[in-house]
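Reader: Hi, could we go through this model together? I'd like to talk about the fold and the charged pairs.

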Amino acid sequence: MSDHARLHVRLTPGAAHDRIDGWDVDADGRDILKCRVRAKPIEGQANAALIALLSQALKVRKADVVIARGDQSRSKAVEVEGLSLDDIHSRLTDL
């Protein structure tokens, strides 16, 4: 059985640089990962840039990163195959 994790992401499109800003907590008390991408939210470009950013940072294939909810929203639920939530936190701590 493979591990997978769902994380909540707050995406800011149209930024100066692609980067992960770190962890925060939303109004519901959930951990959220704050990310910025240069791509505009046009025809899925920002979502594709987010997938590329996360796959590179987490060292997984792009195919292992899927936007499960929030396709057209800044608040997204992203599923990552092959990693647990603890693995994700650990890999993103040093960024």
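This is a predicted model: local features need pLDDT of at least 70, side-chain atom pairs count only at pLDDT 80 or more; totals for chains, interfaces and linings use all residues.

Reader: Thanks! What order do the strands of the open sheet have?
Author: The five strands run E2-E3-E1-E5-E4, with mixed pairing. Helices (H or I, at least four residues) and strands (E, at least two) are DSSP runs, numbered from the N terminus, and two strands pair if DSSP finds at least two bridges between them.

Reader: And which strands stand at the edges?
Author: E2 and E4 do; each has a single partner strand, so one side of each is left without a neighbour in the sheet. On average, neighbouring strands of this sheet are turned by 40° against each other, direction ignored.

Reader: How many bridges hold E4 and E5 in their pairing?
Author: Four bridges, in the antiparallel sense. Isoleucine 67, for one, has valine 78 in E5 as its bridge partner.

Reader: Let's switch to H1. Where does it lie?
Author: H1 lies across E1, E2, E3, E4 and E5, at about 130° to E4. Axes here are lines fitted to C-alpha atoms, for helices over the stretch in contact, and angles run from 0 to 180 degrees between N-to-C directions. H2 lies across E1, E2, E3 and E5, at about 45° to E1.

Reader: How many residues of H1 are buried?
Author: 10 of the 14, so H1 is largely enclosed by the rest of the structure. Buried means under 20% relative accessible area, exposed over 50%, and partly exposed in between (1.4 Å probe, protein chains only). Among the buried ones are Leu50, Ile51, Leu53 and Leu54. The buried residues pack against E1, E2, E3, E4 (65–69), E5 (75–81) and helix H2 (85–93), where contact means heavy atoms within 4.5 Å.

Reader: What about alanine 57, buried or exposed?
Author: Alanine 57 counts as buried, at 13% relative accessibility. Its C-alpha atom is separated by 11 Å from that of aspartate 18, 39 residues apart along the chain. Just after H1, lysine 59 takes a positive phi of about 60°.

Reader: OK, charges now. How many salt bridges are there in the whole structure?
Author: A search finds six. A salt bridge is a side-chain nitrogen of Lys or Arg within 4 Å of a carboxyl oxygen of Asp or Glu.

Reader: Which residue does aspartate 18 meet?
Author: Arginine 38, at 3.7 Å from N to O. This pair links distant parts of the chain: aspartate 18 is in the loop between E1 (4–12) and E2 (19–25), and arginine 38 in the loop between E3 (31–36) and H1 (45–58), 20 residues apart. Aspartate 18 is partly exposed, with a relative accessible area of 30%.

Reader: And what does arginine 36 pair with?
Author: Aspartate 21, with the closest N and O atoms 2.5 Å apart. Arginine 36 is in strand E3 and aspartate 21 in strand E2, 15 residues apart. Arg19, Asp21 and Arg36 are linked in a network of salt bridges.

Reader: One more: is aspartate 64 buried or exposed?
Author: Aspartate 64 counts as buried at 15% relative accessibility, whereas arginine 61 counts as exposed at 56%. Their side chains meet in a salt bridge of 2.8 Å, N to O.

Conventions:
Residues are numbered from 1 along each chain as its sequence is written. Side-chain values use heavy atoms; hydrogens and water are left out.
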